[in-house]
Amino acid sequence: MVPFIDTTGNVIGYTARILGKGEPKYLNTPETLLFNKSRFIFGLYQAKESIRRNGFVVIVEGNMDVISSHQAGVKEAVATSGTAMTEQHLKALSNLTSDIRLAYDGDAAGVKATERAIMLAGDLGIDLTVISDYHGAKDPDELIQKDPRLWQAAVNKSVPAVDWLLKKYEETVDLSSAPGKRKYSDVALKLLDYVKDEIERASYEEKVAKKLDVDVAVLREKGERLSKKLEQSSKKYLKKPKTEIKSDAVKKLENSLLALKVFGGVSKVQIPLEIPEDDTRLAELELVFNSEHQLSENTDYDREAKELLVRYNTLITKQKIKELSERLDELDENDEEYEKVLREIRNLQKL
């Protein structure tokens with residue numbers, strides 16, 4: 001078992017890795033108020049000084065890769081935990097350095113992870129490179145077991161992520177056949193759409209066109225057609241996302257109300273929320289109570305709960321009205337359900 005440590009040095013959860021045979025291979029603490037896997041970066045607390053000092057970060061796939069890498073002297077290694085890379089991960093790392101190196105496996109999953117990372121990074125204006133010289137090992141941990149110096153050398157030989165990914169695609173399709181060329185051009189153009197610099201993109205277009213043995217103008221024409229087709233498809237099928245009733249503001253108010261109900265001894269105000277039985281959830285609520293409500297011995301928790309409940313009910317009503325309004329937009333005025341939804345909105349507006 002290994003602790004999850006946030007950037008300030010506090011333990012916020014745990015990860016477990018089975019050493020023998022069995023399932024699951026990894027087991028992480030469920031998400032809590034403190035541990036959010038979309039934002040948490042394993043090893044960042046231990047790595048951040050080395051990242052600042054040496055000017056780069058290495059993102060590996062597993063927690064054990066991070067631990068092995070630090071033991072082998074590459075202390076700039078970090079990993080995401082229990083999730084794919086997110087925009088929040090990239091933003092946090094880009095605040096420390098612009099040199100972000102990926103050390104994913106070279107299998108199909110690793111290729112997909114790299115493709116996703118390039119798309120995220122492209123939208124954020126971040127350039128990525130890939131470490132891939134594993135000398136036959138399947139991942140950094142195995143390479144380190146073989147020879148730590150090989151891992152240190154591999155880290156210093158990273159290549160641009162787009163180059164690495166294009167090469168992987170070239171290995172999976174038959175570029176001597178027309179269907180193979182079509183498939184390669186499809187994935188290459190999709191990838192190059194995330195290369196924002198015009199000169200860099202033009203350079204890659206020439207490289208891809210040469211591989212396909214076609215004129216660059218032909219490739220660009222196909223790229224424009226694909227972009228228009230994608231845009232039309234998006235307009236046709238894109239639906240408005242449904243409003244999540246429990247927004248962050250609502251969740252925060254729920255936590256505060258439950259904290260007061262459980263630990264504040266509130267008795268005069270009826271809080272319509274079930275007290276959780278889970279010990280971890282109760283511990284979270286105690287943390288909320290201690291940090292937000294335990295102000296002094298004379299604090300009137302009933303009055304505080306009453307004020308919070310008014311805000312909570314107002315927010316819930318607004319969220320329901322918004323959700324119903326979105327539903328109303330999807331319905332035809334002659335639809336029987338249209339009148340029903342409209343009545344519900346009017347009734348909520350009277351509250």
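Me: Which residue of β2 stands opposite P3?
Reply: In this predicted model, whose chains are each numbered from 1 along the sequence as written, local features need pLDDT of at least 70 and side-chain atom pairs pLDDT 80 or more, while totals for chains, interfaces and linings use all residues. Side-chain values rest on heavy atoms, with hydrogens and water left out. The residue that stands opposite P3 in β2 is Y14.

Me: What makes β1 and β2 a pair of strands?
Reply: Two strands pair if DSSP finds at least two bridges between them.

Me: Why is the pair of F4 and F35 called stacked?
Reply: Rings of Phe, Tyr and Trp (its six-membered ring) pair if their centres lie within 6.5 Å; planes under 30 degrees apart count as stacked, over 60 as edge-to-face and the rest as tilted. By this rule there are six aromatic pairs. For F4 and F35 the centres are 4.8 Å apart and the planes stand at 25°, so the pair is stacked. F4 belongs to strand β1 (residues 2-5) and F35 to the loop between β3 (26-28) and β4 (41-42), so parts 31 residues apart in sequence are tied together.

Me: What makes F35 and F40 an edge-to-face pair?
Reply: Their ring centres are 5.6 Å apart, and the planes make an angle of 75°; the pair is therefore edge-to-face. F4, F35, F40 and F42 form one aromatic cluster.

Me: Why are F4, F35 and F40 called buried?
Reply: Buried means under 20% relative accessible area, exposed over 50%, and partly exposed in between (1.4 Å probe, protein chains only). The value is 0% for F4, 1% for F35 and 8% for F40. Each of these residues is therefore buried.

Me: How do you know that the charged end of R101 sits over the ring of F56?
Reply: A charge sits over a ring if NZ of Lys or CZ of Arg is within 6 Å of the ring centre and within 35 degrees of the ring normal. The charged end of R101 is 3.9 Å from the centre of the F56 ring and is placed over that ring. R17 likewise lies over the face of Y26, at 5.3 Å from the ring centre.

Me: Why does R101 count as buried, and what does R101 touch?
Reply: R101, in strand β7 (residues 100-103), has a relative accessibility of 11% and therefore counts as buried. Beyond four places away in sequence, R101 touches residues including F56, V57, I59, T129 and N156, contact being heavy atoms within 4.5 Å.

Me: In which strand is L102 the bridge partner of I59, and how do β5 and β7 run?
Reply: L102 is the partner of I59 in β7. Four bridges join β5 (residues 57-60) to β7, and these strands run parallel. Six strands form an open sheet in the order β4-β6-β5-β7-β8-β9, with mixed pairing. Its edge strands are β4 and β9 (159-160), each of which pairs on one side only.

Me: What makes D163 and K207 a salt bridge?
Reply: A salt bridge is a side-chain nitrogen of Lys or Arg within 4 Å of a carboxyl oxygen of Asp or Glu. The closest N and O atoms of D163 and K207 are 2.7 Å apart, so the pair qualifies. D163 lies in helix α7 (residues 161-172) and K207 in helix α9 (residues 198-212), so this bridge ties together parts 44 residues apart in sequence. A search of the whole structure finds 16 salt bridges.

Me: Why does D163 count as partly exposed?
Reply: D163 has 25% relative accessibility and therefore counts as partly exposed. K207, at 40%, is partly exposed as well.

Me: Which helices does the salt bridge of D186 and K222 tie together?
Reply: The closest N and O atoms of D186 and K222 are 2.7 Å apart. D186 lies in α8 (residues 178-192) and K222 in α10 (residues 216-237), so the bridge ties together parts 36 residues apart in sequence. K222 is buried at 16%, whereas D186 is partly exposed at 26%.

Me: Why are E221 and R225 separated by about one helical turn?
Reply: These residues are four apart in helix α10, which means about one helical turn. Elsewhere, salt bridges with shared partners join R182, D186 and K222 into one network.

How values were computed
Helices (H or I, at least four residues) and strands (E, at least two) are DSSP runs, numbered from the N terminus.
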